[in-house]
Amino acid sequence: GNLDYQNIFNSTYKISDVILFSSFENENIKVKNTNISKVKLEKFDGFDELNIPFNMNVNMKLFSEAQNHHTYFNRKLYIDENGDIKNAPESSDIHGNIFNIDIKNEIKRIIESSEFQKHWFVKKDHTDICKDCEFRYMCVDNRIPKQRAENEWFHEKECFYNPYITKWTHETGFLSLTKCGIVSDEFDFSINNKKLVEINNTLWGL
């Protein structure tokens with residue numbers, strides 16, 4: 001019932017947003033500083049991948065957060081239908097189970113661990129492709145970043161936007177990173193500048 005979780009939110013000012021799935025009804029509640037959204041879904045299968053254009057919201061809070069944090073994974077905690085504790089629905093790492101821990105003492109320890117927070121500080125300025133993108137400070141990207149080296153991160157799946165030719169996938173003239181001579185993987189990040197200049201000359205008549 002409502003009292004089971006409202007008592008938790010009444011005792012802290014640090015939880016800003018909560019989404020409860022498998023509710024009997026769609027409803028929005030505010031308890032102190034916490035916004036609670038009850039969603040009538042039987043099972044949550046994750047957010048749509050790379051739905052980036054529709055997740056862009058230009059505001060100072062997001063811009064400031066993006067300077068040092070990953071705006072999707074930062075300060076997020078997800079508990080799935082089995083009670084497994086993860087950073088986010090897309091995360092594969094499990095940090096405990098809500099049914100097998102002392103919630104009052106253990107949940108704080110889990111959240112404060114470096115392993116749980118490992119994606120919180122992966123800012124776009126340290127991520128291949130994203131660091132060259134003009135939308136990097138307003139982008140909420142749920143792809144899991146992979147680490148190559150210190151302050152070097154990459155994504156295994158390409159974004160729907162290619163900043164090197166300023167084209168989205170639905171636009172005429174869009175080309176993948178590979179076709180633009182750009183490599184981003186676990187071994188290297190490189191740009192074939194000569195090829196990229198030729199492509200942009202063709203696309204934009206420069």
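Predicted model: local features only at pLDDT ≥ 70, side-chain atom pairs only at ≥ 80, totals over all residues.

Student: Which residues line the largest cavity?

Tutor: The general idea comes first. Rolling a probe the size of a water molecule over the atoms shows where empty space is left. Here, the lining of the largest cavity consists of A66, H69, H70, T71, V122, K124, R136 and C139. The volume of this cavity is about 30 Å³, and the count of cavities of 30 Å³ or more comes to one.

Student: R136 is named in that lining. With which residue does the side chain of R136 meet in a salt bridge?

Tutor: Side chains of opposite charge can pair when their charged atoms come close. In this case the partner of R136 is D125, at 2.9 Å from N to O. The two residues are 11 apart, and both belong to the loop between α4 (103-112) and β6 (146-149).

Student: How accessible are R136 and D125?

Tutor: A residue counts as buried under 20% relative accessible area and as exposed over 50%. R136, with 22%, is therefore partly exposed. D125 is partly exposed as well, with a relative accessible area of 27%.

Student: How many salt bridges does a search of the whole structure find?

Tutor: The search finds nine. Among them, R148 pairs with E152, with 3.3 Å between the closest N and O atoms. R148 is buried because its relative accessible area is 19%, whereas E152, at 35%, is partly exposed. Salt bridges also link D93, E115 and K118 in a network.

Student: Are D141 and R143 buried or exposed?

Tutor: Both D141 and R143 are buried. They form a salt bridge with each other, in which the closest N and O atoms are 2.7 Å apart.

Student: Which side chain makes a polar contact with the side chain of R143?

Tutor: It is the side chain of H155, at 3.3 Å. H155 is located in the loop between β7 (152-154) and β8 (161-162) and is buried, with a relative accessible area of 10%. Setting aside neighbours within four places in sequence, the contacts of H155 are K124, T127, C130, D141, R143, I144, P145 and S184. Both members of the D141 and R143 salt bridge are thus on the contact list of H155, by the cut-off of heavy atoms within 4.5 Å.

Student: Let us turn to open space. Which residues lie nearest the centre of the second largest pocket?

Tutor: They are I129, R143, E158, C159 and L177, out of 24 lining residues. This pocket has a volume of about 300 Å³. By class, its lining holds 13 nonpolar, three polar and eight charged residues.

Student: Which strand gives the most to the lining of the second largest pocket?

Tutor: Strand β10 (residues 182-184) does, with three residues.

Notes. Residues numbered from 1 in each chain as written. Heavy atoms only, no water. Salt bridge = Lys/Arg side-chain N within 4 Å of Asp/Glu carboxyl O. Helix = DSSP H or I, 4+ residues; strand = E, 2+ residues; numbered from the N terminus. Buried < 20%, exposed > 50% of the residue type's maximum accessible area, 1.4 Å probe, protein only. Polar contact = N/O pair within 3.5 Å; in protein donor to acceptor, adjacent residues only side chain to side chain. 1 Å grid on protein atoms, 1.4 Å probe; cavity = no way out; pocket = protein on both sides within 12 Å on 5 of 7 lines; lining within 4 Å. Points joined across faces, edges and corners; volume = space filled by probe spheres on them. Nonpolar A, V, L, I, M, F, W, Y, C, P; charged D, E, K, R; others polar.
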